[in-house]
Amino acid sequence: MKRFLYSSLTLLVAVLSAVVVTQFTAGRAGAASLTRITGFGSNPGGLNMWLYRPDGLPGNAPLVVAMHGCTQTANDYYANSGWKKYADLHHFAVVFPERIDSAAFPSNCFQWFQESHITRGQGQALSVAQMVGHATRTYQLDATRVYVTGLSAGGAMAAVMLATYPDLFTAGSIVSGLPYRCSPPASTSTCQYSGVDKTPAAWGDLVRNAYPGYTGRRPRVAIWHGQSDAVVVPKNGIELRDQWTNVLGVSQTPVSSESLPAGTTLEKYGADMVRLYKIAGAGHGTPVDPGTAADQCGTAGAYFLDSICSAYRDTRFFGLDGSVVPPTGTPTPTPTISPTVAPVCVTASNYAHTTAGRAHQSGGYTYANGSNDSMGLWNTFTIHTLKQTGPGYWIVADGQCA
């Protein structure tokens, strides 16, 4: 009897061990998932940061920032937009900023129309910039290959990021979005439902004034717009084209036009510096094309339109599939003080940095001026190297300065 009980116990232990090992292995297999990241900066815009890093991501990989539309979440965009497929295929990371629902703004809309959120160094624009800085530093991603895209309010916020932080992004994609600074001064309803008409130069000046004195290269821009969009009227796609062709110094007349699937017309401007995708009969949403082919992606649903896979086209436009991107479209890694002055590096305590005007403190913690990079506790014991990359703009550069 004892022998039977002993044998039975041994068998039970073996079975349970196998189950534990199997469950552990299953948990580890394909472990990459959307992960919430905290402590990425002072976060004045009050956003959530979510990150997707494919398994086996190599060092110095690119980064895409993808922003959801109103009523959506980061997980919605992660699950349905198609970006996960190409991140796995071409080995890049994706940050999904998320607007936090609140009583004041219950629709999860990025605040593309508020002055305090669309100015360099402030609000949600700064929060997204901090996400980029945190991701590239923490996960050893390539800070010279960072891209941004977004839908609707997220698309308008992508335009905000391209305008206010041209030094961070190589290229961007604006899906059913609006020109930078359409609102303010115009009302959001005017911008969305009627559109605002400005000359290309006037639109371009709004972008140039977003970062006065910036002389680096500007990001290339792709624009997507459904031609039956009643939420953000197609006129916004035309005004976006006028804005970014002017910023990039190319004509508003396309150099080529081609027909793509789902009634899509692609117009290219300059040396493929600006693209305008017009989708006939399409409404408001991110274009997806469910399926397993190389150029298919995403899941159709609310604000995900079964038409053409925009993530596939943008991946190629960004050069993430290994295709060559024209060098004239890549920005300098960081803005410079002037063409003849080398960046300044200073190593000191957090207290010394703040008293010298290179940083500031809030709630007992220290943040670099301009970038708002987190530096830890405000005291005389914590030491950091700060690098000046623009007037009044400092970044944490520990180990990066000779």
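**Figure 1. W224 and the aromatic pairs.** W224 counts as buried because its relative accessibility is 0%; buried stands for under 20% relative accessible area, exposed for over 50%, and partly exposed for values in between (1.4 Å probe, protein chains only). Y277 also has a relative accessible area of 0% and is buried. The model is predicted: local features need pLDDT of at least 70, side-chain atom pairs count only at pLDDT 80 or more, and totals for chains, interfaces and linings use all residues. Residues are numbered from 1 along each chain as its sequence is written, and side-chain values use heavy atoms, with hydrogens and water left out. Rings of Phe, Tyr and Trp (its six-membered ring) pair if their centres lie within 6.5 Å, and the planes count as stacked when under 30 degrees apart, edge-to-face when over 60, and tilted otherwise. The count by this rule is 11 aromatic pairs. One of these is edge-to-face, because the rings of W83 and F92 have planes at 75°, with centres 6.2 Å apart. W83 and F92 are both buried. The pair of W224 and Y277 is stacked, at 3.6 Å centre to centre and 5° between the planes. This pair links distant parts of the chain, 53 residues apart: W224 belongs to strand β7 (residues 220-226) and Y277 to strand β10 (residues 274-279). Helices (H or I, at least four residues) and strands (E, at least two) are DSSP runs, numbered from the N terminus.

**Figure 2. An aromatic cluster and charges over rings.** W83, F92, Y147, F317 and F318 make up one aromatic cluster. F317 also has a charge over its ring: the charged end of R220 sits 4.0 Å from the ring centre. In a further case, the charged end of K198 sits over the ring of W203, 5.6 Å from its centre. The rule for a charge over a ring asks that NZ of Lys or CZ of Arg be within 6 Å of the ring centre and within 35 degrees of the ring normal.

Figure 3. Helix α9 (residues 310-318) is mostly covered, with eight of its nine residues buried. The buried residues of α9 are S310, A311, Y312, R313, D314, T315, F317 and F318.

**Figure 4. The contact of helices α4 and α5.** The axes of helix α4 (residues 123-138) and helix α5 (residues 153-164) come within 10 Å and cross at roughly 75°. On the α4 side the contact uses Q124, A125, V128 and A129, and on the α5 side M157, V160, M161 and T164. These residues divide into six nonpolar, two polar and no charged. Ala, Val, Leu, Ile, Met, Phe, Trp, Tyr, Cys and Pro count as nonpolar, Asp, Glu, Lys and Arg as charged, and the others, Gly among them, as polar. Contact means heavy atoms within 4.5 Å. Axes are lines fitted to C-alpha atoms, for helices over the stretch in contact, and angles run from 0 to 180 degrees between N-to-C directions.

**Figure 5. L126 of helix α4.** L126 is placed in helix α4. L126 counts as buried because its relative accessibility is 1%. Its C-alpha atom is separated by 9.2 Å from that of G41, 85 residues apart along the chain.

Figure 6. Most residues other than glycine have a negative phi, and most peptide bonds are trans. S183 and P184 are joined by a cis peptide bond with omega of about -5°. The bond from P184 to P185 is cis as well, with omega near 10°. P184 lies in the loop between β6 (171-175) and α6 (188-193), and P185 lies in the loop between β6 and α6 too. N60, in the loop between β2 (47-52) and β3 (63-67), has a positive phi near 65° and is not a glycine. With a relative accessible area of 43%, N60 is partly exposed. Q140, which is not a glycine, has a positive phi of about 55°. Q140 lies in the loop between α4 and β5 (146-151) and counts as exposed because its relative accessibility is 52%.
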